[in-house]
Structures are given as C-alpha cells and as structure tokens.
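Let's walk through this model together, one region at a time. Keep the sequence and the picture side by side as you read.

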Amino acid sequence: MNEIKNDLLIDEWKIVEKNFNLEGSKKNETIFSIGNGYIGMRGNFEEGLKDKKYTVEGTYLNGFYETHEIKYGEKAYAFPEIGQTMLNVINSKIIKIYVDDEEFNMMDSEILDYERVLDLKEGVLKRKAVWRTKTGKELELNFERLASFDDKHLAAVKVSIIPLNFSGKIKLVSLIDGNVKNLTAEDDPRVGSGLSGRSLEIIEKNIEDDEISILSKTKNSNFKLLCAAKNLFTTEQDYTVKSIEDEYIVGIEYEINGVEKKKIEFIKYISYTTTRDYDDEIFNVKDRVLKRAVKMGYENIKKNQIEYMKRFWESADVEIEGDAKLQQGIRFNMFHILQSTGKDSKTNIGAKGLTGEGYEGHYFWDTEMYIIPMFIYTKPEVARKLLEYRYNTLDKARERARQMSHEKGALFPWRTINGEECSAYFPASTAQYHINADIAYAIKKYYEATLDEEFLIKYGAEILFETARIFEDLGHYVEGKGFCIDGVTGPDEYTAIVNNNAYTNLMAKDHLSLAAYVAEYIKKNFNDEYQRIKEKIELDEEEIVRWKKAADNMYIPYDEKLKIHPQDDSFLSKKIWDFENTPKENYPLLLHYHPLVIYRHQVCKQADWVLALYLHSDKFTKEQKIRDFEYYEKVTTHDSSLSPCIFSIVACDIGYIDKAYDYFMRTARMDLDDHHGNTKDGIHAANMAGSWLGIVAGFGGFRAFEDEILFSPRIPQNWNRYSFKINYRQRLIKVDVNKEKVILQLIKGSPIKVKLYDKEVQLEDKIERDLAN
Ligand code: BGC
C-alpha cells in the first residue's frame, strides 16, 4: 500500500476538495470524473490546466475506438492482429474566463475560496472558485457539469459568474477542441495504448449562431464522430460575440458587460453522436438531442438526473454507521460503477470505466464476475444489458473459436471493445478460457435472480450452448482422473498455461451441467424456441449428453497430503516464491520480473481457487475452505486489485472477521485513497464493485443458489450498524445489521422464504433475529 496523502474531505454523500493540490491533480481528475455509461469526462477543469504535466485531459465515449496493428517481434498463428483503443475524443467542456485579458486558471490565479464537489446524490460535479484578478477585481465562479443518465448523448456544463466588487467587461470563451490524443504506452502494460499521434481527423468545423461543432473521423476504424455544443445565456445579458476558429478548434467568444453583484449564467449543452451507433443519422440525432435539451433547460435536466440517482439509491444504497470514511468509499464506488457502465447492449464497462486510458478501455471478465453481480441485485436491467452485449458479440466469439481450432462453439475474447480478441499476450489472455464459464455463471445468476425467461430464450441459452461446446472440445478423459482441461490459464495471472486449473475446471463443470439443464428445460417448456436455436447452431442432442457426462466426470485437482485444492496439476510442485527476501518496492512483481521467473514459482497475483470457494461456497465444507484459504493466503501478493475483496468475502465465510475487515479496508477506498498509486490512470472498476460484494456477500453473507437466497450477517467491530438492499424476483429486501440484531425487511413485493443463518424464515414484512457471533 502506498502512503496515503489524501486531500479530500469526508462526507457521506459527497467527495469534497477544499484545496486544489497540483501534485494530486491527475488522481483527482479521475476521482471527479462524471459519466453516464456512454460519455465519460475526466474531472478536468473547464478552463484546463496551464502546465500539461499535471493533467490528462480526457473525454471518452464507451465503445468508440480506434484500431491499430498489433506489432509482434515474433508472430504465431491466430495471434490477434488488430488492437482496439478507446479514444480520447474531442474536448467539449472548455470554457475560459478572462478579465482585463487576465485568464482565470487554477494554477496561477489568486483564489480566495475554492471547493470542488462530486455530489453522489445528484450525479453532478460542482466547483466554486472566488478569483481575485491582478487588478483586485473579484469574481465568484460556479461550475456544474453532468452527463445525463436520461439521454446518453447529452452532457451539460453550467457556469455562473458574479462580479463581486466591480462592473465591467468579462470575457467568456466556449470552445470545442479536436486536437486530442491518447496517452502512449509506457513500460507498464496497464497504462497507455499502442496509438500514437492524433487518431481523429477533422472533416468539418462549424459555427452557426450559438452552436459549434466538429465532425471528425477515425483513421482506421472508420467511424465518424460529431461533437456539438449549444451555448446559451439563461440570464439577460448585454454582450458582443466573436467566432473563434483555428485548425482544430471552434468556439465563440462572448464579451459581457458585467454588472456588480449581478449573476451571469451560461449553459453549454453538449452532444456526442457517432456512426458506431447510427449510420448516417448522426446530424439528425444531434439536432434532436440539443433541441430537447434546450427545451427542457438545464435545471430540468438536472432534476431528472437527481431523480435517476434517487431511484438508484432507493434500490441500491448501502449504509455503514460508525465509519464515515467507509460510507463515503462505498457510495463513491457504486456511483462510479453506475456511471461507467454501458446500458445499451452495445457497450460494456472497461477495467477503468470511462475515467482514464488504462487498459485501453477494454472489457474483461471483470464484468461478469464483479460488475454484473452488483447490478443483478441493485439494478437488474443493467445486468441484462451487459449480458446482451455478449450476445451481440457472439458471432465474433464464434469466429475466434474457429481461429483457435474449435470446429464448433464460441470463445469470448479476454480483452475487447468490439467483440474481437485484441490481447497480444496470449498466456495471460486468450489462455484464460474461463471467461466462457464466467459468462455462463453470470447468466445463471441473472436468471436465478430475475426469472427473466425472455432473456434466457432469446439470448442466454444460445450463449450457454455455444460456449459450453468449447469446454467439451477442449477437454479429454484421462484414466484415473476424469475429464481434464489442458493448457489454460486461470484467473491468477502469475501462473500460466497449466493443466487442470482447478477454478477453470470447477467453473466449466458448472457451465456444462447448466447448458445441459437449460437445453432440457427449454425443450420441455418452449419447444419451438428450442428447435429454433437447435437449428440455428446445428445442435446435436448427443452433445447435450456429452456435456452432462463431462460435467459429471470433471476432474477437480485435490492434494490428499495437504488436503487442499492445488491451483492446477503442477502448482504444488513448484518452488514457493521467496517473499521474505523480496523488497517491498518490487511489487507488483509483474513490473520487476520476467513472466517466466514468476511462472516458475508458487505465487499468485490474485484470488483464483479462493474465488471458486466464494462462487461455489455451497460445495465445500468450512474446514476445507479454511485449509484452502490459509494455503493461498500465504502465496498471494494481491498485485491485482481484483483480489482483496474476494479474500475478504471468503474470510467472512470461514469466520475470520478481523481478517475480512483488513482485506475489505484495502478495497473500499482504493481509489479515493489511491492505494495503488495509479488512480490517475483511471478507477479500478472491478475492485469498486468488489467492495459492494465485500459488504453484501462478505459481511452480509448473502448468497443466491437456484431458488434459495440466504443471509448470514456478521458485523466488524468498528461498525455500529450497516444495511444493504437486494433486488430479487420483483422484491426489494433490506438487510439491516447492528451489534445485536439482524433485521430483514421486505420493502417491495410479495412474501418470500429466505434462509437466515441456515434457518428458513418466511419474510412477510419484517423479521428480527439475534446477530450470530
Ligand atoms: C487482472 C485481471 C483483470 C485485469 C483488468 C489484471 O491485472 O489480473 O484479472 O481482468 O487486470 O482489470
């Protein structure tokens, strides 16, 4: 963990910065990002920062990418050839303010009062600055920014200016800037991209009355992007106007006759439309978006934003009493997940959300194992959209399977934006076949929680069958062992290309039996649909029999001597990493050792089998979990931010509450406190959702298996009370835990049977039980 030097204040519903700190500026740009799942804007100041080394100006559109050739020194068959990078797009949020030709700037202006707030209740970013110019003129400036949850193409910036001690000219310049670039990768694979130079070519710039726009085009992926902004004063103003245009920029300069103490209010409605969403319609859609926005007005757009957030918190809020820092952390995390996640079935969520360029905006298994679980139980319609995204890229997964010599079936990519595999380092990417089973697991959990039959029939079943085919093809029977899967990598990226990764095998077992079950279920209950799918994918009924057989005979490695599950066939025979003599600064190991050095040792980057213990916690005894947990704890570095939350959950399960708390503390404020020192590159999205899991599945002991949900709450010493909500089969259940009691409350929906500490109870309205210790 890095030394925490936090400059943010604690507030349960807000992230507050009172002093602008140049050193932490890039990190705070990530933290103060706003988005709506489609548009993401880093928390850059509207006027920018003078010294570019303290800022990463970033605006991103989910799913909008440039392609580039992946350059290999040595290439082999079926290596992905084309990389994809989420583009840093035209910067539309620029608003500059001048008085007597002096430019307002947070770096060298005299600031008398300052506050920046990310309001988690409202979904709005706010900033106040009182500025004294060199000639002693004082102005109060207020900025607000939002990306509308109601209209994914719309963002808005509101600026108000009050000349506090003078009347006179104030210049306001509203620009959009097409001179944008992505960061270029340094040595850290988690930072930049293979792109260099500008990727967006400007085709056309326009200024028409109060509207400015830039039409641009990507060089390789061939998408057009239209960015437009409508500029309006909402206060009666006396001003003159001048157009601004240069090679990359268009804008309008307003020279306003400011009057002492009289507020000037200015709104910039921004729209982004691309041909990735609409063929040639982007101008029409832009017109519709901006017209509607102007008609509604900023205050109504904001009202709807607040309404959206209110509905979200009503069904999703987590409360922690007795620890305001954690309370802030968990709400901040949930807010960021909400605003980073695509909700249109064409987009997903990148490892860094829409807040930075780390991992090039790629979507990973993080979605199915971390993000979707949070949405299934808080906002299930978003979970469905994320799964639909997989369905919409199923053809690409089929193509990939053929490239990987599977005659049938679909293999989902490890890293992607458009559905094609774009990861160059196959030992830690393509080899992670478990992604297929992870997607199957998410479908199962989504279905169990929603009973969304329409989804299952229309999308889910086909994905399940096609992805199950890969495991059947991949595996083979070995005498004395059973069905074995060779040459794969499990979730732990410090161990690669092994036989019988226990996690993969267990997940594949579950996947294969689920596929067989669903095939029979649909055949029996929706035969027409079954026949349609069967025909479409040329499903042979014999395959279903083979899936079942493979599942029943799946080999799960077990070491009789240690009585633990080895991570794979060779794991236990490797030398244990010399943790004692590894200096602190050599972590994360991936930045200091060649992969081979790491692979030769027993050392885990992240939860692998421990994750299986959580996902399939019903299949193992407590004693078994304890032995496995204790073994893997000793060899895990947690160099991946996806790891501590899982260890926290399993620690709770086995009754190690203090330990669980320590792990949990590494997750809840990971980005707010910049534990990994790289929040500047973007949030750690999976960890954020993982912190929700840490409370709900960890301390709350929530599990859902088939038709049953169970809770086994515990409370860490430092908390007085906590609560969370679970959406399940049209019901909203609130779980409230204090030092003595557990209270289950049915907020919405019809009575339901639930298990509380292994005892079945009928939840009609409210149930109170003593807390187990
Ligand atoms: C982890 C992967 C994860 C990726 C993106 C890597 O460091 O090892 O499990 O999918 O980050 O978050």
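Glu 760 sits in strand β31, residues 759-763; strands here are DSSP runs of E with at least two residues, helices are runs of H or I with at least four residues, and both are numbered from the N terminus. Is Glu 760 buried or exposed? Its relative accessibility is 53%, so Glu 760 counts as exposed. The cut-offs are under 20% relative accessible area for buried, over 50% for exposed and in between for partly exposed, with a 1.4 Å probe and protein chains only. Leaving out residues up to four places away in sequence, Glu 760 touches Lys 753, Val 754 and Lys 755, where a contact means heavy atoms within 4.5 Å. Glu 760 and Ala 147 are 613 residues apart in sequence, and their C-alpha atoms are 44 Å apart in space.

A word on what you are looking at: this is a predicted model, in which local features need pLDDT of at least 70 and side-chain atom pairs count only at pLDDT 80 or more, while totals for chains, interfaces and linings use all residues. Residues are numbered from 1 along each chain as its sequence is written, and side-chain values use heavy atoms, with hydrogens and water left out.

Now look for Asp 151, in the loop between β11 (138-147) and β12 (154-163). Asp 151 has a relative accessible area of 12%, so it is buried. Apart from neighbours within four places in sequence, Asp 151 is in contact with Asn 36, Val 289 and Arg 292. Asp 151 and Ile 301 are 150 residues apart in sequence, yet 9.5 Å apart in space from C-alpha to C-alpha.

Next come some helices. Two packed helices are described by the angle between their axes and the distance between the axes. Start with helix α8 (residues 434-450) and α9, whose axes come within 10 Å and cross at roughly 155°. The axes are lines fitted to C-alpha atoms, for helices over the stretch in contact, and the angles run from 0 to 180 degrees between N-to-C directions. That angle is why α8 is roughly antiparallel to α9; the classes are roughly parallel under 35 degrees, roughly antiparallel over 145, roughly perpendicular from 65 to 115, and oblique for the rest. Among the residues that meet are Ile 439, Ile 443 and Tyr 447 in α8 and Leu 456, Leu 464 and Phe 471 in α9. By class, the contact of α8 with α9 has 12 nonpolar, four polar and one charged. Here Ala, Val, Leu, Ile, Met, Phe, Trp, Tyr, Cys and Pro count as nonpolar, Asp, Glu, Lys and Arg as charged, and the others, Gly among them, as polar.

Helix α9 (residues 453-474) also packs with helix α10 (residues 502-525): their axes come within 9 Å and cross at roughly 130°. These two helices are therefore oblique to each other. Their contact includes Leu 464, Phe 465 and Phe 471 of α9, together with Leu 512, Val 518 and Ile 522 of α10. This contact divides into 14 nonpolar, three polar and two charged residues.

Which residues touch the most other members of the largest nonpolar core? Of its 220 residues, they are Trp 365, Phe 465, Trp 692, Phe 711 and Trp 719. A nonpolar core is a set of buried Ala, Val, Leu, Ile, Met, Phe, Trp, Tyr and Cys residues joined through side-chain atoms within 4.5 Å. Helix α10 gives the most to this core, with 12 residues. A second, separate core of 13 residues includes Ile 267, Val 289, Leu 290 and Ile 301.

Follow the chain to Ser 691, in helix α18 (residues 685-699). Ser 691 has 0% relative accessibility and therefore counts as buried. Beyond residues up to four places away in sequence, Ser 691 touches Ile 330, Asn 333, Cys 645, Phe 664, Thr 667 and Ala 668.

Finally, look at the backbone. The peptide bond from Tyr 587 to Pro 588 is cis, with omega near -5°, and Pro 588 is found in the loop between β23 (575-576) and α13 (595-599). Asn 500 is not a glycine, but its phi is positive, near 55°. Asn 500 lies in the loop between β22 (482-485) and α10, and with a relative accessible area of 1% it is buried.
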